[in-house]
Amino acid sequence: MTSKARRGFHKLTALALTAAVSLSGISAFPAVTRAADAGADGAASVAGEEGYGTERLSTNYTHVSALYTASDYRGSEVLLPIEDALDADSASFLTDDNHGYGSRVASVAHGDTLTLTAEVPETALYYLSFDYLSYDDSILPIEFSLQVDGAYPFYETRSLSFETTWVSEGDYDLDRYGNEIVSLPNKLIRWESKCLGDASYRYSEPLKLQLEAGPHTFTIGIQEGTLLLGDLTLKAPATVPAYTGSEKAEGDALIVIEGEDFHERNDSSIHATGEYDASLSPLSAKETVLNIVDEESFDTAGMTITYSFSVERAGYYYIGMNYRQSEKNDFPVFLDVRIDGEIPNTAFQSYALPASTGFSTGTFTDGEGSNLSVYLEPGEHLISLTISDDNLRYALEAVDEIMSGISDLSLEVTKVAGTNKDKYRDLKLTRYIPGLEDQLRSWVDRLYEITEQAQPFVNARSPEDVAAFSYLLLAADQLQTLAEEPNELVYRVDELATSTNSINTRIANFVDLIGDSKVAIDRIYIYQEGAKLPKGLGFFKGIGMNLSRFVNSFFGQSYSVSSADKSHVQVWVNRPRQYVEIMQKMIDEDFTPETGIEVDLCLMTDAQKLILSNASGDTPDIATGINYSIPFDLAIRGALVDLTKFDNYKEVFGRYNDGLIVPSIVGDGLYSLPETMNFYVLFYRTDVLEKLGLEVPDTMEELISMLPDLQMRGLNVYYPTAPMSAMRNFHGTTPLVFQNGGRLYGETALDIELDSEATVNGFTELTELFTLYDLPVDVPNFYQHFRNGDLPIGIADFNSYNLILNAAPEIANSWNISLVPGTENPETGEILRYMSGGAESTVMFTSDDEREQRAWAFMDWWSGADVQAEFGQRLQILYGDEYIWPTANLEAFADLPYPTSDKDVILEQAQFILEAPRLLGSYMMERETSNAYNDIVVNGETIRSRIDEAVKTVKRETERKLEEFEYIDADGNVLKEYVTPSVAKVREILER
C-alpha cells in the first residue's frame, strides 16, 4: 500500500464524498429466517452467510497477537542469507559492489517469489528485518507479501510496504518570475533495513512473529518494485526506555532549523510551500518564498521528516517548534520524535501535538507540563518526526468491526424483507433476526465508549466535548432511533450502510477526519534555558511588510496573460498552478535550450474563456488541458490550425490510439492532439466474488448471469450511465452500441443511423440493463458504494480508479481491476470491449506561419513519450500518489508509476477506446440519445418509438447546422458532403 493510499479521503474532496467501508467481518447474525419462505409459525429458516472479507478483521495483528503466549526473544540475531533462497528461479543473484553490501543479494521484480528456511533457536516473539535496495526510477514503495510455513501469520503480511529515502540537493528552484518552487527530490540509492510492519501504520512499532523452536520457511512474493533483496534477520524486539523525568537544559544555546530545509524524508511528496504570515521565516512581500512544510503533504501516519543540525557543546536541550495543526477540531496529532534514529524515551513516543488554528510556538512537555529535554554530544545530529496513529488504533479497529457488522445487518434485512418497502406491509423483523434490538443498542454503547476513551486527549468532561469524534455520536444517535423501533428497519434499511447519510457513512467520515494528521512546520528549535526563541515581525514591521505586499499586488502576476511576453509562444493551460509550474520548469530546462523557442505558460481557469477570446481576437498560440469536445466548435469556425499541414504530423498522431483521435477530425484535417485519456476498466471486490464463488466476467452475457447471485443478497452492478444524473453523455450511451456493431452516423452527417438494427440492438442491451435486469439507474458516487460493498463490481473511469486506489485504504487488498466485459463478434469470435476515453486535448490557434511553426515544435515536444512520462513522474514525485497523470500517449503511460498489474490492464483496455464522432449537430445526437435513455429507462417508453422520435429531432438539427455552414442549401440540396469522422477516416488521413 502506498503512503498516500493511507491518507484517506481528505486529499480528494473535490472528487467525491466519503463513504462506508467494506462488507467484512464476522456476521453478527449467524442465522436468519426468510419471511418469504416462512410459514405461519415462522419455523422455516436458512443459514446466514458470514460477512465478506471476514479474514481482514478476524486475522489482523491485533487479534492474532492477543493470543500470543511466548515472551520476547532476547538472544543473538538469526541470519537468513538470501543467497540460500529456495524456489527462486525467477531471481538472479549477484554481488553488489557499488553499494557495499557484504554478501550476495537477489535481484527481484514484480511477480518473483523466494523461499528461505531458518532454524529458530527457541519459542519466542521475534522481529523480522529485511535488507533492500530500490534502484529503479519508480516512486512507488516496494511491496511484497510474507508467508511463514505456507500461511500468512496475520492479515497485514498479505501486503507489506517498504519505503525509500528521498533527499533534495542544492538550493530551491526558482521559476522565471523569481518565486521559489518545489524542487524535484532524488531517490537515495542505498541499502535500507526495515522490520516487518503494518502498511497502514496503525502500529508504529514493528509487528512481532511468534515462532516455535525448530525449522521454518519464509516465502516472499514481490508485488511491486524492482529491487535488490538482501538478507533477512530474526532479532530481539526493541523497547523504548521509560520516561523518568527530564533534566533542566542549562545554558543559552539556540539552534534554529527551518522547517522547509529537509535533510531527508520517506515520501517524495512531502514538500515545502510558501505562505505569507508575519510569524513565519523567511518572508517576502514580493516573491513567493518556501517557508513551511506543506501540511497537505505531511499528513498521514508513517510519514517521516528528518532534519540535520549541529551541536557545539554537550548538554541537555529542549525541543520547540513553530507549527500549525488545525484539521482535527481541537484534537491532537501524534508524533514519534527520534534523535539520531532512536526515540529517547516514552515521553517522545506518540507525543500529542496540541491543535493550533494559526502558527504558534510551543515546547515539547510531559504530562505535568515540564519541558522535555534530551542530552546531545557535540557534533552532527538528526531529528526525525513521524506521524503516529498508535493512540487511535483502538478506535479505528473498533469502528472497522462496527461498520462490518452494520453492513452485514443491512444484507440480512434485505435477505429477510427483500427490496419491497411497502409501508402497509406488516413484517416483524425481530422475529426473523433474533437479538436485533440488543445488537443495535450494543453498537450505540460501543460508539460512546470509543469516544469516552478519547476524552483525556482533549481534557474533555463528556463525550460530547470531543469534537473530532462527533461523527461517532451522530451515528450512535441514529442507531438509537433504530433500536427504539427495530421493525422499522424494513423501511429504513438504507440508513444502515448504503445512503449518503447512512450510519456507516458517518463512521467513515470519522475515520477520514481522524486519519487526517496535517502538520505545517515553520521552524524547529533545539535550545537551552537561557535562550530566547525568535518571534515574528513586530507590529510596525508587519504593517510595512503588508503595505509593500499590497503595492506589489498591482503589478504583473506570475503565469498570467498580463505578464507574458507577446513575442514568445503563448500557451494557456487549463490546469492547477502545480501543473503549470512543472511544465514551465521543464520547458525552461529542456525545450527552450534545445530549440531556442521561448514559451510562456498562462493559467486558464475556465476553458470557456477560449470562445470569448476567439470572438475578441485575443487568443493564445496554444491551449492545452481543454475538454476534448471543445476543439470541434472552434475548428469548424476556422479558429484552429489543421495540424496535418506540418511535415511530421503522422509521427505525432501515431502516438495515440486511433479511436481517441476521432473527435479531432473536421473535414479532412486533424485539429487537436489528445493529451490525457479517461480510461474505463472493470472494478471488482475480490473478497465478495470469492465469497460468492463468482468469476470475473469477460463478456456482458457473463456479467448479466451474475446478477441473480448478487441481487438476492442486496448487491448489484454499476454501469457508467449511473452517475450521469440529467445528461447521459456519449461515454455512457455509446459503448454497447459500438460493441454490437452499431454506429450513430453513416458515411455522411445526413446518414443518421441511430435507428439501424445494430444500433437499436446495442441501445436495447443498454436500457435493458436497467429495465429488465434492475441495475441501479442513479448512483452519484461509485467509489462510495464500491467501498461499502453493495456495488462490488462495476465499470468505472479514471477518477474512480484514483479514488479507490488512494482513498480507500481499508479495502486495499480486497479489490482489483480487469478488462471491461465485452460483446463477442459473431463473425470473428473476438470480444469487443469498446469504451470511450476522451479527456483533455491540445489545440493551436491560427496566426502567421512562423508562429505556427514554433507552436507546432512545442506541441510535438510536449506530446512526446519521454516528456509525458517525465511530467507524470515529476507530478507524482512532488505531490503524491493521487496526482496520477493519465497521459493519452500509451508509450509514456507504460513508464508512469502506476501499480504494475493495473497498468497492464489499463494499457490493454486502452486499445479498445472508441470515441463518438463530433460533427455539425452532434450535440443534438448526444442530447437525444440521453433523452431517449431517460424516457425508456425512467419513464417507461418503448425503444422503437422513442428512437424514431430522436432520429427526427437529430436530423432536423443536423440539417439546420449544415445549412448554416453551407454544406446544404435552404432546399436541402447537398452543396458539399460532410463526411462522418471515423477510425477509418483517421487511418486514411494518417496514410495519405
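In this predicted model, Asp-774 sits in the loop that joins α21 (757-771) to α22 (782-788). The backbone of Asp-774 has a positive phi of about 65 degrees, although this residue is not a glycine. Asp-774 is also exposed, because its relative accessible area of 51% falls in the range over 50% that counts as exposed.

Asn-459 lies in the loop between α6 (455-458) and α7 (470-484), and, although not a glycine, Asn-459 has a positive phi of about 50 degrees. With a relative accessible area of 70%, Asn-459 is exposed. Most residues other than glycine have a negative phi. The table sets out these two loop residues.

| Residue | Loop | Phi | Relative accessible area |
|---|---|---|---|
| Asp-774 | between α21 and α22 | about 65 degrees | 51% |
| Asn-459 | between α6 and α7 | about 50 degrees | 70% |

Another loop, the one between β20 (272-273) and β21 (292-293), holds Asn-291, and Pro-282 has its place in the loop between β20 and β21 as well. Is Asn-291 buried or exposed? Asn-291 has a relative accessible area of 0%, and since buried means under 20%, Asn-291 counts as buried. The side chain of Asn-291 reaches the backbone oxygen of Pro-282 at 3.0 Å. The peptide bond that leads from Ser-281 to Pro-282 is cis, with omega near -5 degrees. Most peptide bonds are trans.

The remaining part of this report concerns a pair of helices. Helix α28 (residues 922-937) packs with helix α29 (residues 943-964) at an angle of about 165 degrees, and the axes of the two helices are 9 Å apart. That angle makes α28 roughly antiparallel to α29, because angles over 145 degrees are counted in this way. The crossing of α28 and α29 is right-handed.

Which residues of α28 meet α29? On the side of α28 they are Tyr-923, Met-924, Met-925, Glu-928, Asn-931, Ala-932, Asp-935 and Ile-936, while α29 contributes Ile-943, Arg-946, Ala-950, Thr-953, Val-954, Glu-957, Arg-960 and Lys-961. Sorted by class, the contact of α28 with α29 has 8 nonpolar, 2 polar and 6 charged residues. Among the residues in this contact are Met-924 and Met-925 from α28, together with Arg-960 and Lys-961 from α29.

Conventions:
Residues numbered from 1 in each chain as written. Predicted model: local features only at pLDDT ≥ 70, side-chain atom pairs only at ≥ 80, totals over all residues. Heavy atoms only, no water. Axes fitted to C-alpha atoms, helices over the stretch in contact; angles between N-to-C directions. Helix = DSSP H or I, 4+ residues; strand = E, 2+ residues; numbered from the N terminus. Parallel < 35°, antiparallel > 145°, perpendicular 65-115°, else oblique. Left-handed = near helix turned anticlockwise from the far one by under 90°. Contact = heavy atoms within 4.5 Å. Nonpolar A, V, L, I, M, F, W, Y, C, P; charged D, E, K, R; others polar. Buried < 20%, exposed > 50% of the residue type's maximum accessible area, 1.4 Å probe, protein only. Polar contact = N/O pair within 3.5 Å; in protein donor to acceptor, adjacent residues only side chain to side chain.
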